[in-house]
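Hi everyone, thanks for coming. Let's take a few minutes with one model and look at some of its charged pairs.

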Amino acid sequence: MDKLFLIQIIPFIIGLTISGFILRNSRLISTNGKLIPGFDDKSAPSNGVEIGGVAIFPILLMAMCLSIGLPHYLGFTELSQLKVLPSALRIMQVIVGCALLYFVGLKNDMNGTSAKVKFLTLFITACMFPVTGLWIQDFDGLMGIKSLPAYIGMPLTVLVSMFIIELVSLMDDIDGLGAGLFSIMVSIFLIFCIKYGFVLGSLVSASALGVIVPFGVLKLLSHRWRKTILGDAASYVLGYILAYLTLALFRQSGINMPTGMQMVVFGILLFPAFDFLRVVRQRIREQRGLLTPDRNQIQHRLLRTGIRPFFVPVVISAIILAFAVLNSWWVIVVQRHFTLLFLTDIVLFVIIQLLISFAISRNEIRHNMEKWQIEYGREAWEADVPVEAIRQKQQNFGTMGLPKHVILGDELDFIPDGMNAIEREVKRVIDFFISGILIIIFSPLFLLSYILIKFDDGGPAIYSQERIGRFGRPFRIHKFRSMRLDAEKFGPALSHHGGDDDPRLTKVGKFLRAHHLDELPQLWDVFKGDMAFIGPRPERKFFIDQIMVHDPRYSFLYQIRPGVTSYATLYNGYTDTMEKMLRRLTYDLYYLEHRSWWLDIKILWLTFISIIGGKKF
């Protein structure tokens, strides 16, 4: 066996051996940021956080030192390939950075540290990379970017380093995912380091991998370690190691790395990084603090799909590994078109998020079905009787005039759904795929409409409004804004209250409304599952309350998803009076009772013909 390969694998064996002996006896427990000394598994408080990574940095330091000295002792002179002086400086920089983060992380694990201290430490340790000459200098033509000047590359390096360190810390909050993410990334880095003869990178990555593997094994095999996390003392150190390997593989002088190594790094970081940005964006939209805890992270979304908690880290790790393998294969085999790979990664991320959203919706429906079958009997679900929805509707939205037999769930005089369960499922699958295809086809029209509305009056192009959907649940419907911003300054009004010459319409909005282009964004609502192509038009709570006073049968429409077009729209048109609303309800109830695939196809075809013919409705 090649001696150089032995030198590169020795750190892993040393780290694995030392960590296996020390790590299992080095757990700490803290409650509310306070360390609790002298505990065992029986005396540990139920609300305590078990921290198992306190010894990670000392073990890592021992493994690296032994890995440097042992080959010399055994006579492996090939270690001279490390180019002693620059490698020694880099090792010192990595050790000093890890040490600073270790002490701050340990302090935070034991009795808390202020956010300012943590941020300042992250910033100082991240600045050590460009100061010592390791910074992002080019993107290999990705998105047309080649060389980067120092005043851009150095600050970018600091931001990327801080982001990676914090990312590993955030992933540590998920059961075992911090260690799993780190193991996957470092394993891939180790393969590249060995393949292309990057000895220093092999030393660092193999030592770190050997240290972290026993932690993952204990998490999987020991029941006592199931609730144990790495803690900031370990996650900050591992994050810094990861940041170093990421920057080193971008462009290492003297090492013939393949072009596009940044895409390997991007593929590994993409999923957790983009999910983190998605969560931050959601918090900004909801006007909450960026550090405010919520249940919107990827682990919570996967739990909502019905996956058992034990398998959540496995699923996330598998997704990350798939991206890593795809990008590594592309860099080694294809060796070009990195912008296309970048866009492919983004599209795959979006598709995965949409599939997770679809699985969440399916699981919640299944959960409601089981709950209703237990509480109200199987017949209630088979007929889609929205007993629970009606009760919540009455409590949350103040509806009036509900007959007693409807509130109690009696099926007397009840109008059931004309489709059976299988037909409903097939309809939803068809809506999902067709809406996705149409979104892609009409994307140029989306962009053009968006630009025209923006140029018209400078206001927001997309108009979002709360409507009531299936099971009486509120959702937000989306349209291209066709009216002025102050259209409802005097209170809610029907969209066609003023007719085609409504003075509230903008110039562009009048054209969009006349050709039904303002409803294009509803394709997204269909894709998400809030709406269907065919179904009763969704209405606002304000008007539903008024309709329910005259005819409480409106509640029967909660059985099905609202639609972009409907049977009532064809024969009744848009409604601008209560009389038309009640007549529309009659048509909608007829559709509910008689709906089928063939009726849906007929409605869709007649709607298409009406739009082509310029019919106003």
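Is Lys541 buried, partly exposed or exposed? At 33% relative accessibility, Lys541 counts as partly exposed, where buried means under 20% relative accessible area, exposed over 50%, and partly exposed in between, with a 1.4 Å probe and protein chains only.

A quick word on what we're looking at: this is a predicted model, where local features need pLDDT of at least 70, side-chain atom pairs count only at pLDDT 80 or more, and totals for chains, interfaces and linings use all residues. Residues are numbered from 1 along each chain as its sequence is written, and side-chain values use heavy atoms, with hydrogens and water left out.

Back to Lys541: it forms a salt bridge with Asp545, with the closest N and O atoms 3.5 Å apart. By salt bridge I mean a side-chain nitrogen of Lys or Arg within 4 Å of a carboxyl oxygen of Asp or Glu. Both Lys541 and Asp545 lie in helix α20, 4 residues apart, about one turn of the helix; helices here are DSSP runs (H or I, at least four residues), strands too (E, at least two), numbered from the N terminus. Asp545 is buried, at 14%.

A search of the whole structure finds 7 salt bridges. Another one of them joins Arg537 and Glu519 at 3.9 Å, N to O. Arg537 sits in the loop between β7 and α20, and Glu519 in the loop between α18 and α19, so the pair ties together parts 18 residues apart in sequence. Arg537 is buried at 9%, and Glu519 is buried at 11%.
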